[in-house]
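Colleague: Could you give me a close look at one part of this model, starting from a single loop and working outwards to whatever surrounds it? I would be glad of a connected account that I can follow with the structure open.

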Amino acid sequence: MNDTIRNLFKLQTLEFDEPVRPNTEEQIAELRTQIPPAVLSHYDRLGDSGKKGVAMLRHQVCTGCHLQVPLHVVLELKHGDELRLCDNCRRYLYLEEEAPVVPLASVKTAAKPHRRQLAHAR
Ligand SMILES: [Zn+2]
(Lines give C-alpha, C1' and ligand atoms only; values in the text may rest on other atoms or scores of the structure.)
Protein backbone atom coordinates (compact mmCIF):
# COMPACT_ATOMS: atom_id res chain seq x y z
CA MET A 1 0.00 0.00 0.00
CA ASN A 2 1.00 3.46 -0.83
CA ASP A 3 1.73 5.88 2.01
CA THR A 4 0.40 8.78 0.00
CA ILE A 5 -3.09 7.40 -0.26
CA ARG A 6 -3.05 6.53 3.43
CA ASN A 7 -2.05 10.07 4.29
CA LEU A 8 -4.61 11.44 1.90
CA PHE A 9 -7.33 9.38 3.46
CA LYS A 10 -6.28 10.46 6.92
CA LEU A 11 -6.32 14.05 5.74
CA GLN A 12 -9.80 13.68 4.37
CA THR A 13 -10.98 12.09 7.60
CA LEU A 14 -9.64 15.04 9.54
CA GLU A 15 -11.13 17.57 7.15
CA PHE A 16 -14.55 16.00 6.74
CA ASP A 17 -15.43 13.58 9.46
CA GLU A 18 -13.65 14.25 12.69
CA PRO A 19 -15.05 16.66 15.17
CA VAL A 20 -12.70 19.58 15.24
CA ARG A 21 -10.17 19.18 17.98
CA PRO A 22 -7.56 21.65 19.11
CA ASN A 23 -4.75 19.90 17.26
CA THR A 24 -6.61 19.07 14.06
CA GLU A 25 -5.24 22.04 12.16
CA GLU A 26 -1.73 21.01 13.03
CA GLN A 27 -2.26 17.44 11.92
CA ILE A 28 -3.77 18.64 8.66
CA ALA A 29 -0.80 20.89 7.99
CA GLU A 30 1.57 18.06 8.80
CA LEU A 31 -0.19 15.59 6.51
CA ARG A 32 -0.28 18.07 3.69
CA THR A 33 3.49 18.35 3.74
CA GLN A 34 3.72 14.59 3.18
CA ILE A 35 1.48 14.40 0.15
CA PRO A 36 2.84 15.25 -3.30
CA PRO A 37 1.51 18.63 -4.55
CA ALA A 38 0.03 17.10 -7.70
CA VAL A 39 -2.03 14.71 -5.63
CA LEU A 40 -3.10 17.40 -3.22
CA SER A 41 -4.23 19.71 -5.98
CA HIS A 42 -6.48 17.04 -7.47
CA TYR A 43 -7.83 16.27 -4.02
CA ASP A 44 -8.47 19.94 -3.34
CA ARG A 45 -10.16 20.44 -6.69
CA LEU A 46 -12.66 17.76 -5.82
CA GLY A 47 -13.03 19.19 -2.34
CA ASP A 48 -13.77 22.63 -3.76
CA SER A 49 -16.69 21.23 -5.68
CA GLY A 50 -17.98 19.64 -2.52
CA LYS A 51 -16.77 16.12 -3.19
CA LYS A 52 -14.53 13.97 -1.16
CA GLY A 53 -11.33 13.35 -3.04
CA VAL A 54 -10.81 9.86 -1.72
CA ALA A 55 -13.27 7.02 -1.96
CA MET A 56 -12.99 3.80 -0.08
CA LEU A 57 -12.93 0.70 -2.20
CA ARG A 58 -15.10 -1.99 -0.68
CA HIS A 59 -15.79 -5.36 -2.20
CA GLN A 60 -14.47 -4.05 -5.51
CA VAL A 61 -16.97 -1.19 -5.48
CA CYS A 62 -16.02 2.47 -5.32
CA THR A 63 -17.92 3.94 -2.38
CA GLY A 64 -17.85 7.34 -4.07
CA CYS A 65 -20.02 6.42 -7.04
CA HIS A 66 -21.05 2.86 -6.16
CA LEU A 67 -19.78 1.46 -9.42
CA GLN A 68 -17.71 -1.64 -9.68
CA VAL A 69 -14.02 -1.14 -10.24
CA PRO A 70 -12.24 -3.47 -12.69
CA LEU A 71 -10.42 -6.28 -10.94
CA HIS A 72 -7.07 -5.32 -12.40
CA VAL A 73 -7.36 -1.93 -10.73
CA VAL A 74 -8.08 -3.58 -7.40
CA LEU A 75 -5.07 -5.83 -7.83
CA GLU A 76 -2.86 -2.93 -8.79
CA LEU A 77 -3.96 -1.08 -5.70
CA LYS A 78 -3.30 -4.08 -3.56
CA HIS A 79 0.11 -4.93 -4.90
CA GLY A 80 1.33 -1.84 -6.63
CA ASP A 81 2.57 1.46 -5.42
CA GLU A 82 0.55 3.65 -7.72
CA LEU A 83 -2.37 5.84 -6.88
CA ARG A 84 -5.43 5.02 -8.89
CA LEU A 85 -8.39 7.18 -9.71
CA CYS A 86 -11.84 5.78 -10.07
CA ASP A 87 -12.54 5.80 -13.80
CA ASN A 88 -16.03 7.03 -13.16
CA CYS A 89 -15.91 9.67 -10.43
CA ARG A 90 -12.19 10.52 -10.54
CA ARG A 91 -11.71 10.09 -6.84
CA TYR A 92 -8.61 8.48 -5.47
CA LEU A 93 -9.34 4.93 -4.53
CA TYR A 94 -8.43 3.85 -1.06
CA LEU A 95 -8.32 0.14 -0.53
CA GLU A 96 -9.38 -0.65 2.95
CA GLU A 97 -6.72 -2.72 4.59
CA GLU A 98 -7.66 -6.07 5.98
CA ALA A 99 -11.28 -5.37 5.38
CA PRO A 100 -13.17 -8.01 7.26
CA VAL A 101 -14.89 -10.20 4.74
CA VAL A 102 -18.23 -11.00 6.24
CA PRO A 103 -20.48 -13.20 4.16
CA LEU A 104 -23.85 -11.53 4.04
CA ALA A 105 -25.62 -14.63 5.24
CA SER A 106 -23.78 -14.59 8.54
CA VAL A 107 -24.64 -10.99 9.34
CA LYS A 108 -27.30 -11.09 11.96
CA THR A 109 -30.02 -8.54 11.61
CA ALA A 110 -30.88 -6.39 14.55
CA ALA A 111 -31.50 -8.27 17.74
CA LYS A 112 -35.03 -8.79 18.90
CA PRO A 113 -36.47 -5.90 20.83
CA HIS A 114 -35.48 -6.08 24.43
CA ARG A 115 -38.21 -7.66 26.47
CA ARG A 116 -38.97 -5.76 29.56
CA GLN A 117 -39.00 -7.90 32.60
CA LEU A 118 -42.28 -6.83 34.02
CA ALA A 119 -43.73 -10.26 34.47
CA HIS A 120 -42.92 -10.51 38.14
CA ALA A 121 -43.50 -6.93 39.04
CA ARG A 122 -46.50 -6.57 41.28
ZN1 LIG B 1 -16.04 6.16 -8.21
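Modeller: Let's begin with Gln-60, which lies in the loop between S1 and S2; helices (H or I, at least four residues) and strands (E, at least two) are DSSP runs, numbered from the N terminus. Residue numbers start from 1 along each chain as its sequence is written. The model is a predicted one, so local features need pLDDT of at least 70 and side-chain atom pairs count only at pLDDT 80 or more, while totals for chains, interfaces and linings use all residues.

The phi of Gln-60 is near 70°, a positive value in a residue other than glycine. Gln-60 counts as partly exposed because it has 13 C-beta neighbours inside 10 Å. For this scale, C-beta atoms are placed from the backbone, and a residue is buried with 20 or more other C-beta atoms within 10 Å of its own, exposed with 12 or fewer, and partly exposed in between.

With 11 C-beta neighbours inside 10 Å, His-66 counts as exposed. From His-66 to Ala-55 the separation is 11 residues in sequence and 9.8 Å in space, C-alpha to C-alpha.

S1 (residues 54–58) and S3 pair in the parallel sense over four bridges. As background, strands of a sheet pair through backbone hydrogen bonds, either parallel or antiparallel.

Leaving aside residues up to four places away in sequence, Tyr-92 touches Ile-5, Leu-8, Tyr-43, Gly-53, Val-54, Leu-83 and Leu-85; contact here asks for C-beta atoms, placed from the backbone, within 7 Å.

The buried residues of H1 are Ile-5, Leu-8, Phe-9, Leu-11 and Gln-12. They cover an arc of only 160° around the axis, which puts them on the same side of H1; the arc is that of the directions from the helix axis to the C-beta atoms. These buried residues of H1 pack against helix H2 (24–34), helix H3 (37–48), S1 and S3.

In H3, the buried residues include Leu-40, Tyr-43 and Leu-46. They span an arc of only 125° around the axis, which places them on the same side of H3. On the other side of H3, Pro-37, Ala-38, Ser-41, Asp-44, Arg-45 and Asp-48 are exposed. H1, H2 and S3 are among the elements that cover the buried residues of H3. After H3 comes Gly-50, with a positive phi near 85°.

Of its 19 residues, Leu-8, Val-54, Ala-55, Leu-57, Tyr-92, Leu-93 and Tyr-94 touch the most other members. H1, H3, S1, helix H4 (71–79) and S3 each supply at least two residues of this core. In soluble globular proteins, nonpolar side chains tend to be buried together.

Stepping back to the whole chain, the protein has four helices and three strands, in the pattern α-α-α-β-β-α-β along the sequence. Of its 122 residues, 20% are buried. Among contacts between residues at least 6 apart in sequence, 53% join residues at least 24 apart.

Definitions and conventions: Pairing = 2+ DSSP bridges. Contact = placed C-beta atoms within 7 Å. Core = buried A, V, L, I, M, F, W, Y, C linked by C-beta atoms within 7 Å.
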